[in-house]
2 protein chains.
Amino acid sequence: MRLFSYWRSSAAYRVRIALNLKGLVAEYVPVHLLRDGGEHLRPEFRETRPQGLVPVLEDGQAVLGQSLAIIEYLEEVHPQPPLLPSDPVERARVRGFAQYIACEIHPLNNLRVLRYLERELNLSDERRDEWYRHWIAQGLAALEASLGAGHATEFCFGARPTLADICLVPQMANARRFRCELSGYPTLVRIDEACRALPAFAEAAPERQPDAELPPPPAVGEGQDGGAER
Amino acid sequence: MRLFSYWRSSAAYRVRIALNLKGLVAEYVPVHLLRDGGEHLRPEFRETRPQGLVPVLEDGQAVLGQSLAIIEYLEEVHPQPPLLPSDPVERARVRGFAQYIACEIHPLNNLRVLRYLERELNLSDERRDEWYRHWIAQGLAALEASLGAGHATEFCFGARPTLADICLVPQMANARRFRCELSGYPTLVRIDEACRALPAFAEAAPERQPDAELPPPPAVGEGQDGGAER
């Protein structure tokens, strides 16, 4: 298998977590969404991947797009360990939580939308970030409420991670990146931390990917007084 | 079963089609998304439906949100006729097409987003409609390309409707409503027409729902010369 990914893509992050939870290995093929106007928009990428998006999972001859469709595929072909419960009502609850993130929060805050706000609507950085935080706040409040007061299980739906947690963790990473206030969502914060303590989640994190662009380490003699922070 | 729906919600429209294709009957409970600030935001609605969205399907004690999660549930509990193929790769292709609509096109163009553009960003009707048409055009082009040149089957994936068609038809209805140019997507237009010729799709259409708000019929003596069109 080959996974076409970008380190900061939260949809790719979901698939990376799912692969890790199932103990599957896919070759990591980086696709830079910013360089040269976006490598995902080049004809050689789009020819066989007409949605022009990452992630894409190639499994033999199959070329599969859309993170949740990819994860359902992995679940069907490699059922252990399961990422969905067995009961249909419980499966629907997990999928509904995941799809709330994938359909109601994330689409409003991804790169191409933020670019439209900047370039076509000439929004200032401040108003763009207001947009971002508005949808995050509305969305996380609904998710927190949907888990119920006094939610007691370690993960979103029980004692092991499901598709819901797989979608939650990248969304929370984005919220932190845009410095959203998270104190109103104590259940989500607790579950996110429990997930990130697991190797399957930790190793899927953006900064652990081969194409991650991290600030350079401090030069010799810098870094002791904080003056070298970038 | 009870379906909480709004006639113009395209996510509810998807569930209505799926119920019809499976020959299932659910009591129709209208939730007006505009009246009094939105009935879906009232405490009595949100108490048991914290996402505060339609559609919601209640099946006995189960309260299920998110249209694609609801349809997957119906598929699992009432497998005939199937809305997904049996092969995992084909299932992933159908789900990927459906999720492209549900995650990449529709979320940018729903009511709460258009309202934010109008009220928070003070966009004119013209610029709001540009936004709308931009995402429709980008999205439909990707969908048309993903089906491939010379696409020959009657529906998106074969000789009977699947989850892909269920998502396509409401999206095309929205595109027509906002007067998007559709001549560039002949395959999508053809499939949309084939679907709408089926009773399961026709009866799920917004204008056929009990809460539809249609222009009043022409008064006696009007309507012959076109002068009474509203």
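Here are some friendly notes on this predicted model, point by point.

1. **How the two chains are related.** Chain B can be laid on chain A by a rotation of 180 degrees, with 0.0 Å of shift along the axis and an RMSD of 0.0 Å. The two copies are thus related as by a two-fold rotation axis. If you want to find that axis in chain B, look for Cys103(B): its C-alpha is the one nearest the axis, at 2.3 Å.

2. **Which surface is used.** Of the interface residues of chain B, 100% are also interface residues in chain A, so the copies meet through the same surface. Keep this in mind alongside the 180 degree rotation that superposes chain B on chain A.

3. **Two domains in chain A.** Now let us look inside one chain. In the contact between them, 13 residues of domain 1 of chain A touch 18 residues of domain 2 of chain A.

4. Which elements of domain 1 of chain A give two or more residues to the side that touches domain 2 of chain A? They are helix H1 (10-21) and helix H3 (67-77) of chain A. H1(A) provides the largest share of that side, eight residues. By class, the side of domain 1 of chain A that touches domain 2 of chain A holds eight nonpolar, two polar and three charged residues.

5. **H1 against H7 in chain A.** Two packed helices are described by the angle between their axes and the distance between the axes. For H1(A) and helix H7 (residues 163-177) of chain A, the angle is about 140 degrees and the axes are 9 Å apart. H1(A) and H7(A) are therefore oblique to each other. The crossing in which H1(A) passes H7(A) is right-handed. From H1(A), the residues that meet H7(A) are Ser10(A), Tyr13(A), Arg14(A), Ile17(A) and Ala18(A). Their partners in H7(A) are Ile166(A), Cys167(A), Val169(A), Pro170(A), Gln171(A), Ala173(A) and Asn174(A). The contact of H1(A) with H7(A) has eight nonpolar, three polar and one charged residue.

6. **The H1 and H7 pair in chain B.** Helix H1 (residues 10-21) of chain B and helix H7 (residues 163-177) of chain B pack at about 140 degrees, with their axes 9 Å apart. That makes H1(B) oblique to H7(B). The crossing of H1(B) and H7(B) is right-handed.

7. **H7 against H8 in chain B.** Is H7(B) roughly parallel or roughly perpendicular to H8(B)? The angle between H7(B) and helix H8 (residues 186-196) of chain B is about 105 degrees, and their axes lie 10 Å apart. That makes H7(B) roughly perpendicular to H8(B). H7(B) takes part through Asp165(B), Leu168(B), Val169(B) and Met172(B). H8(B) takes part through Leu188(B), Ile191(B), Asp192(B), Cys195(B) and Arg196(B). The contact of H7(B) with H8(B) has six nonpolar, no polar and three charged residues.

8. **Backbone details to check.** The peptide bond from Val54(A) to Pro55(A) is cis, with omega near 5 degrees, and Pro55(A) lies in the loop between helix H2 (43-46) and strand E3 (56-59) of chain A. In chain B, the peptide bond from Gln80(B) to Pro81(B) is cis, with omega near -15 degrees; Pro81(B) is in the loop between H3 and H4 of chain B. Finally, Arg179(A), a residue other than glycine, has a positive phi, near 50 degrees. You will find Arg179(A) in the loop between H7 and helix H8 (186-196) of chain A.

Key
Residues are numbered from 1 along each chain as its sequence is written. Chains are lettered from A and ligands numbered from 1 in the order in which they are written. This is a predicted model: local features need pLDDT of at least 70, side-chain atom pairs count only at pLDDT 80 or more; totals for chains, interfaces and linings use all residues. Axes are lines fitted to C-alpha atoms, for helices over the stretch in contact, and angles run from 0 to 180 degrees between N-to-C directions. Helices (H or I, at least four residues) and strands (E, at least two) are DSSP runs, numbered from the N terminus. Angles under 35 degrees count as roughly parallel, over 145 as roughly antiparallel, 65 to 115 as roughly perpendicular and the rest as oblique. A crossing is left-handed if the near helix is turned anticlockwise from the far one by less than a right angle, and right-handed if clockwise. Copies are superposed by least squares on the C-alpha atoms of residues with pLDDT of at least 70 in both. Two residues are in contact if their C-beta atoms, placed from the backbone, lie within 7 Å. Ala, Val, Leu, Ile, Met, Phe, Trp, Tyr, Cys and Pro count as nonpolar, Asp, Glu, Lys and Arg as charged, and the others, Gly among them, as polar.
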